[in-house]
Amino acid sequence: MEREMVIVIDFGGQYNQLVARRVRECNVYCEIYSYKTDLEAIRSMNPKGIILTGGPNSCYEPDAPTYTKELFELGIPVLGLCYGAQLMQHILGGRVERAEVREYGKTEVFVDTASRLFSNVSPSTICWMSHFDYISKTAPGFTITAHTADCPAAACENEYKHLYAIQFHPEVFHTKEGTKMIRNFVRDICGCAGDWKMDSFVEQSIREIRKTVGDGKVICGLSGGVDSSVVAVLLSKAIGSQLTCVFVDHGLLRKDEGDAVEAVFGEKGNYDLNFVRVNAKDRFYVKLAGVTEPEEKRNIIGKEFAAVFRDKFHELYPSNEKNAPVDFLAQGTIYPDVVESGLGGESGKIKSHHNTILVQGEDYNHLVEPLRYLFKDEVRKVGLELGLPEELVMRQPFPGPGLGIRIVGDVTEEKVRIVQEADAIYRSVIAEAGLSREINQYFAALTNMRSVGVMGDERTYDYAVVLRAVKTVDFMTAESADIPFEVLQTVMSRIINEVKGVNRVFYDLTSKPPGTIEFE
């Protein structure tokens, strides 16, 4: 689609997705690219602005990630964040050194409000710092526009060349006026109009899907989750009967969820999707037997999904000819899936999303992934525009590998039963307490720990269930939810009394980072 764009160049920072998300909140389209991306490729995209992310390295080290000096001579505004700020100064003739005092966490920053970057920002504002190194000398042509008690150049700029460097992280929630700063950069300094809106996405996507698919047929992986449901309905509007949606029940869904998905999307539902359900529980359990490492489980589940799709693909559309009548696979891949799987930007792979594994080495000729560059909240907006019910669009994310990664250690049918029943109780109590809308994601998981307990005057040796609940704006950072103690007590009592095989219940207080939202 034709649109103005800001590019994020990733140097391995943990907040790379968050930077892009904040830019899109300003109604400006944004994509993430590795620092290894060639300068000509960057130039050919004709970006309105460029943002350099943070990263874990020291820019003065011989093997540190870097970029060519010509990047800063394109005439395109550049904003460097943390490592990106230090690298900009290092390349352009400044000096970066190890700081005597490390800054980490919320820090008072004093800014020069005459700078366009800090327009309408308070002269003293709280920002999130995270650095060992500091800019000890700014590059020629730069003036200092912010400082802290321990950091003399918390921000500097060369306004004439539209180059800006800030040591802190405006993209994180803890920087109180960070959104103002990013908006100042992309809207004022870069001159972006801010016309990236979801109300035109559906119409444009339908046109593109029709152009891509032509008179071909498409098989769509439908899990019943938000992303795949939105893709399925979008495709249905675009190509109608050319679409077949395959729902693979891998036996790792929440309690009764397979039947619930079929009730919504099957023959008795409200959508004409040519819905096909494949009950493949036994296939997945056999493949997962004895496997304990979560990344290995993700890969096994992703590859078995591919095998199930391939089998159903040939069953539905048998052909002995080289050009099979169906050669399009559609799935609900979204931008965080791509980045976290190590397929976008430069940050290390956090975890493999099964839909990125699904197509590796497979014989599908073409992929249809209309949501590939959208974040979760953007996908929800598309779903509402398509007329999907709010309860489906706003439902909590559920991982493609399902309960397979909410079970620590090996996966067995008995463990799946325990998690399904414990999770159903947890969700029921949370709903009864009126907390469903206050918590962005909550679920029960099974630890691999067994311990001694006493029930009915008898010794037990059973599993411990862990409860997870987080509050988050964008699912890229999250904090543990403060659930009332009496509610947790009710959940604990019911799980221990109603779920055979459990004698302890824990509550996980870990934020993201350092943890992830999932428990694996």
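Reader: Among contacts in the chain between residues at least 6 apart in sequence, what share joins residues at least 24 apart?

Author: That share is 74%, with contact meaning heavy atoms within 4.5 Å. Keep in mind that this is a predicted model, where local features need pLDDT of at least 70, side-chain atom pairs count only at pLDDT 80 or more, and totals for chains, interfaces and linings use all residues. Residues are numbered from 1 along each chain as its sequence is written, and side-chain values use heavy atoms, with hydrogens and water left out.

Reader: Ok, and how many helices and strands does the chain have?

Author: There are 15 helices and 18 strands. Both are DSSP runs numbered from the N terminus, helices being H or I with at least four residues and strands being E with at least two.

Reader: How much of the chain is buried?

Author: Buried residues are 56% of the 520. Buried means under 20% relative accessible area, exposed means over 50%, and partly exposed is in between, with a 1.4 Å probe and protein chains only.

Reader: Switching to strands. Is E9 covered or open on its faces?

Author: Both faces of E9 (residues 163-166) are covered. Leu 163 and Ala 165 sit on one side, Tyr 164 and Ile 166 on the other, and all are buried.

Reader: Why do they split by side like that?

Author: Because side chains in a regular strand alternate between the two faces of the sheet.

Reader: Which strands are joined to E9, and do they run parallel or antiparallel?

Author: Strand E4 (residues 78-81) is joined to E9 by four bridges and runs parallel, while E8 (residues 155-158) is joined by four bridges and runs antiparallel. Two strands pair if DSSP finds at least two bridges between them. Leu 163 is the bridge partner of Val 78 and also of Asn 158.

Reader: What's in the turn between E8 and E9?

Author: The two strands form a hairpin with four residues between them, and His 162 in that turn has a positive phi of about 60°.

Reader: Which other residues have a positive phi though not a glycine?

Author: Asn 27, at about 60°, is one of them, and Asn 46, at about 55°, is another. Most residues other than glycine have a negative phi. Asn 27 lies in the loop between H1 and strand E2 (29-34) and is partly exposed at 27% relative accessible area. Asn 46 lies in the loop between helix H2 (39-44) and strand E3 (49-52) and is exposed at 61%. Its C-alpha atom is separated from that of Met 5, 41 residues apart along the chain, by 7.7 Å.

Reader: Now H12. What do its buried residues pack against?

Author: They pack against helix H1 (16-25), helix H5 (201-213), helix H6 (226-239) and helix H13 (390-393). The buried residues in H12 (residues 376-385) include Lys 376, Glu 378 and Arg 380. Just after H12, Gly 387 takes a positive phi of about 90°.

Reader: Back to strands: where is Asp 249, and is it buried or exposed?

Author: Asp 249 is in strand E11 and is buried, with a relative accessible area of 13%. Leaving aside neighbours within four places in sequence, Asp 249 is in contact with residues including Arg 277, Ala 280 and Lys 281. The C-alpha atoms of Asp 249 and Ala 280 are separated by 5.8 Å.

Reader: Which strand is E11 joined to?

Author: E10, by four bridges, running parallel. Cys 220 stands opposite Cys 245 in E11. Strand E10 (residues 217-221) is mostly covered, with four of its five residues buried.
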